[in-house]
Amino acid sequence: MNRSLSLLVAFVVSIAATAQTLQSPSQFLGYDLGTQFSRHHQVIDYFKHVETQKPLQVKLEKYGETNERRPLMLAFVSSEDNLKNLENIRENNLKNAGILEGTAASTNIAIVWLSYNVHGNEASSTEASMSTIYKLLTEKQDYLKNTVVILDPCINPDGRDRYVNWYNETASAPYDIDQQASEHQEPWPGGRPNHYLFDLNRDWAWATQVESASRLKAYNKWMPHIHVDFHEQGINEPYYFAPAAEPFHEVISDWQRDFQTQIGKNHSKYFDAEGWLYFTRERFDLLYPSYGDTYPTYMGAIGMTYEQGGHGRAGLGILNDEGDVLTLVDRLTHHTVTGLSTVEISSKNAEKLNAEFAKFFDNKNLKYKSYVLQGDTDKINSLTALLDKHEINYGFAKGGKVSGYNYITAKQGQMNTTAKDLVVSTNQPKGKMVKVLFEPNTKLSDSLTYDITAWSVPYAYGLNAVASRSLVQPANNPTREIIPTSLKNSGATGYVVEWGNMQDAQFLAELLKNGIRVRFTEKPFTTQGKTYDRGSLIIVRGDNKKMDDFDDRFAAIAFSHRRTFDAISSGFSTSGPDFGSPDIKLVNPPKIAMLSGDYTSSLSYGELWHFFEQQLQYPVTSINTDDLSSVNLSKFNVLIMPNGYYGGLLNDNLIDKLKTWMRSGGKLIAIDGALNSFADKEGFGLKRNKPENTDSEEDKEKTKRIKYADRERDYTKNLITGAIFNTDVDNTHPMAFGYGDNYFTLKLGSSSYSLLDNGYNVAYLGKNPKNVSGYAGKDALKKLDNSLIFGEQRMGSGSIIYMVDNVMFRSFWENGKLFFVNSIFFVNNNLVEL
């Protein structure tokens, strides 16, 4: 054999050996992909293997960690040349959008981000992520010449492992395809949500969860041109891919609409060849900004949801209603095909993607140029913390008048601004996202939507706002308000802290946990030339005389929470109650229980669990609904019933048990669907609204003749799909301390209850209420006449608190949370310390 031939053989053998070192997912895992569910650590191990074997084409990056300490990982996959130049590609893309300063170089590199398994029990997509990266590196190298592919193999590792571990320990061998089998009946709370039982696919905009906040940091570093969110739907649905359904938000460009259709047609080519069924343009719209398809869309990308039939019911295989066995192998194969198809068409259109991406960030045609927000400093700071997560620019006003749409009055008006007022303008690269988050009322092209239709940030944060058609220039050198240092005074009778926001609530919780006794006032009082409103906290030295380091401990806690306080020399007030008045009550630290389990909504429970642990930071005991009949409720003085479905739980005996407990001083807080268990029941003042039917006989006859195909759309007149209403508030009631005489509530549905006859109507809607934002059908509006939003009914020494609207919904309606806190600490504060 001559030398040249020997070298050629050696080269071929070397290439073959190198190719063999990259194992397929099946080879690496030791089982055929799709015949078992892979645990999260196995998936991460496979991606590490790929990086080790292909270091010139694959780079792994840890971008965060879950509450249960599982890593959140990204894989960057491209050609060798692109990976060497990865940072330049990233920076050039941000320059192209105007996010980084400088002129973008001419580029034809497409950036495609593929996100898998945001819902933990929609588990086929993580399996598909392994197949996808393998095929990209072995079969589809050509796609990578002008494409950077970013894969997030599992957005929700905690939820995925909750599902996978349950299934692996439950399933039969071989798997049972009967829908009734236990392996197809996932127990509460299911694997869909994360550790705190949040739906991460509805948390992109609000970023309340650690997974979302961590992901946004990575996402905003890259700002991809394409983003795909892989999901699963019911077992009888085939496969859904783009284009999306109406309504599309008005900021979505013609190009974004059109390229979705091109992508869908590319997928259909592969699905048609295999005889796989699919559908498009139905159900999944592009409106609510907190999804994995809409959020990227409003950031300039082509954002899409792909839905494979299966979900948590499917397991490794299930017989669907059409008589077909749907397997995990089928499901991951379909997801692999659409993932590769997405990369393919992006590669073919890389130059156009870059050009249109740049055009998206031209915001000169937006109606409102600036949003000016005014209100409590802590609420302003909470909002700027959200804007920081999205890397949205803001400033502070110079002072002067601003004219525009007034959110409070819902009409044109003026605002006198100060240097404390926030200015957020649309003349910035992310101006369209600003519009989406801040706009007073989202334009709807179709009332049939997949989610809520109102979320406007000024209402959610409880801030006065004006949307101006003129650009409001912020101050050149803005100065954030500095919290003045308050001085402890060992000679003072006590200290007073004003009450008005969640930061005050966190401060109160910390004082109580540290054994500091706190009072609050039910009436305004004036002392030392200053008037303090209802709810103000009073920390009296005499209540804490057993604490040697009282002043130091109190001041340290106040400083850590950035709370200002006033040292008061005497308990004798100039006007209003003195410190020893019955109107100034002791906050006895509540012992709180909260229901969990089968009869509760796992999402509602999770919202509250997260609130107590991560926001209020106050202890709560979870009690499974199956154990409620045997629980000794006398150990608790507050019981919270999250939104849920308690009809099968609360029999007469349990209702009597709750009544007895309340009459003895217990306080029950019922939220949203939990109210159904008490409405129209003996002993409870809650009554369902039964509005008079004012339809004429002619209208009734027309309704009977509505065609089958039109029934769904006609039914929307009965719906409220997340709309905002302005309510009246009795802010003399302890539940409303810290609020003004009105409150903007987010109403999620059309449930309606009459005003309490023998109770306190704390927040309510009057005659002929109108939604200020979002969709509400005409018949649903009729039901809301004179209806309750929040109320309290006394029962013996205790109370039941009715919260018709869920202020904890997805944890983003910040301005409602104080109603809940007040209910715990202030309402009917006759609790005996346990």
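The largest cavity of this predicted model has a volume of about 140 Å³, where a cavity is a set of points on a 1 Å grid over the protein atoms alone at which a 1.4 Å probe fits but cannot get out, and a volume is the space filled by probe spheres set on the points, which are joined across faces, edges and corners. Of the 13 residues that line this cavity, those closest to its centre are Lys379, Asn501, Met502, Glu814 and Asn815, lining residues being those with an atom within 4 Å of a point. Two or more residues of the lining come from each of α14 (377-389), α17 (502-513) and α24 (817-825). In total, the structure holds 4 cavities of 30 Å³ or more.

Residues are numbered from 1 along each chain as its sequence is written. Because the model is predicted, local features need pLDDT of at least 70 and side-chain atom pairs count only at pLDDT 80 or more, while totals for chains, interfaces and linings use all residues; side-chain values use heavy atoms, with hydrogens and water left out.

Turning to the strand, β17 (residues 464-468) is largely enclosed by the rest of the structure, because 4 of its 5 residues are buried, that is, under 20% relative accessible area with a 1.4 Å probe and protein chains only. Strands are DSSP runs of E with at least two residues, helices runs of H or I with at least four, numbered from the N terminus, and two strands pair if DSSP finds at least two bridges between them. Strand β12 (residues 370-374) pairs with β17 in the antiparallel sense over 5 bridges, and Val372 stands opposite Val466 in β17. Strand β14 (residues 400-406) also runs antiparallel to β17, joined by 2 bridges, with Asn406 opposite Val466.

Terms used:
On a 1 Å grid over the protein atoms alone, a cavity is a set of points where a 1.4 Å probe fits but cannot get out, and a pocket is an open set with protein on both sides within 12 Å along at least five of seven lines; lining residues have an atom within 4 Å of a point. Buried means under 20% relative accessible area, exposed over 50%, partly exposed in between (1.4 Å probe, protein chains only).
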